[in-house]
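Hello,

I am handing over the structure below, and after it you will find my notes on what was found in it. Please read them with the model open beside you.

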Amino acid sequence: MNMATETPASRRVLVAKPRGYCAGVDRAVQTVEKALELYGAPIYVRKQIVHNTHVVNTLREKGAIFVEETEEVPEGAIVVFSAHGVAPAVHEEAARRNLRTIDATCPLVTKVHNEAKRFAAKDYDILLIGHEGHEEVEGTSGEAPEHIQLVDGVDGVDKVRVRDPRRVVWLSQTTLSVDETTETVDKLRERFPELIDPPSDDICYATQNRQMAVKEIAREAQLVIVVGSANSSNSKRLVEVALDAGADAAYLVDNATFIRDEWLEGVTTVGVTSGASVPEELVVQVLDHLARRGYDDVHEVETVEENVRFALPHELRRDLRGAAATSS
Ligand code: SF4
């Protein structure tokens, strides 16, 4: 048997850029790391700080304790709120239990909370496009539960009931598919022609940029591997966007060990990207895994340059400044 005729002549890898950590995730992970350094372990974290198994396990090894609700945190202890944001009721509960809170909610999620509060104060009906049960949606809805109703994609549009069709606004979760959300909004607008748009995009820059980049590589790749955890909304959307953009197959993997050799059969071009909560070391492991299977012609495809950074939460910055002043 002549193996040469069976082996694809060239085995390329196209790596999307931007990929991986966004500014909000970077800030949230650093918040827990710096809190551990400053105050010492344990530091409690409500929910997964970001939706990535590797990140959560690494922080756990350093002394973070992840809990589902603040009631599991001992009185007086420090608790960090995750990047996805929390409802006001969670802040109230933490205050009642004398917890010291550090809020690592991404500023772009806070922006959506503020929009919800503003429109609720003007007595609008708010149609929040998002995935039922997602922490971010629960946090945003909690800002004005009596004004907000969830629209879970195009199929949810028919169920919407509003008091006055002239006073309706839509907002969204930050990590949705841009194209699918446009479809949902178009359908909502058919029902409510005076529907108001959010003052600025709620789907965040990182989600939009990663979708744009994966589209670019998916046009040429037969297979797209998205590194990300199964509960990561933006990572799951990257798989869908890759398939819509023309990839024959696309899979979400937590790390390289999940890649199956049969996915690579007959594939000459593999696309690789990662969700906004994924550290680059996991992508490097995937590229090493592919290289060992002959996919060593690697090209990075950059669609846009990102340089967004967020400052650490103010309560942590204040204590870091205090510690620096004491030690100098
Ligand atoms: S994905 Fe967007 S909204 Fe979510 S943490 Fe990152 S920058 Fe913030």
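**Notes on the predicted model**

Not counting residues up to four places away in sequence, Ile-126 touches Ala-116, Phe-119, Ala-120, Ala-144, His-147, Ile-148, Val-169 and Leu-171, where contact means that two C-beta atoms, placed from the backbone, lie within 7 Å. This is a predicted model, in which local features need pLDDT of at least 70 and side-chain atom pairs count only at pLDDT 80 or more, while totals for chains, interfaces and linings use all residues. Residues are numbered from 1 along each chain as its sequence is written.

Ile-126 is also one of the residues, together with Val-32, Ile-49, Val-80 and Leu-128, that touch the most other members of the largest nonpolar core, which has 59 residues. A nonpolar core is here a set of buried Ala, Val, Leu, Ile, Met, Phe, Trp, Tyr and Cys residues joined through C-beta atoms within 7 Å; a residue is buried if 20 or more other C-beta atoms lie within 10 Å of its own, exposed if 12 or fewer, and partly exposed in between. There is a second, separate core of 31 residues, which includes Val-224, Val-239, Ala-242 and Val-286.

Strand β6 (residues 125-129) is largely enclosed by the rest of the structure, because 5 of its 5 residues are buried; helices (H or I, at least four residues) and strands (E, at least two) are DSSP runs, numbered from the N terminus. Both of its faces are covered, with Asp-125, Leu-127 and Ile-129 buried on one side and Ile-126 and Leu-128 buried on the other. Strand β6 pairs in the parallel sense with β8 (residues 168-172) over 5 bridges, and Ile-129 has Ser-172 as its bridge partner there; strands count as paired if DSSP finds at least two bridges between them. Strand β7 (residues 148-151) also runs parallel to β6, joined to it by 4 bridges, and in β7 the partner of Ile-126 is Ile-148.

Elsewhere, 5 strands form an open sheet in the order β10-β9-β11-β1-β12, with parallel pairing. Its edge strands, each pairing on one side only, are β10 (249-253) and β12 (297-302). Helix α10 (residues 280-292) packs on this sheet, touching β1, β9 (223-227), β11 and β12, and its direction makes about 165 degrees with that of β11; axes are lines fitted to C-alpha atoms, for helices over the stretch in contact, and angles run from 0 to 180 degrees between N-to-C directions.

Which positions does UniProt list? Under "binding site", the unreviewed entry gives His-51, His-84, His-134, Thr-174, Ser-232, Ser-233, Asn-234 and Ser-277, and under "active site" the unreviewed entry gives Glu-136; such annotations may be inferred rather than shown by experiment.

Glu-136 is found in helix α6 (residues 135-141) and counts as buried, because 25 C-beta neighbours lie inside 10 Å. Leaving aside neighbours within four places in sequence, Glu-136 is in contact with His-84, Gly-85, Val-109, Gln-173 and Thr-174. His-51, in the loop between β2 (43-46) and α3 (53-62), is buried with 28 C-beta neighbours inside 10 Å, and its contacts, with the neighbours within four places in sequence left aside, are Ser-229, Asn-231, Ser-232 and Ser-277. Ser-233 lies in helix α9 (residues 233-244) and is buried, with 24 other C-beta atoms within 10 Å.

With best regards
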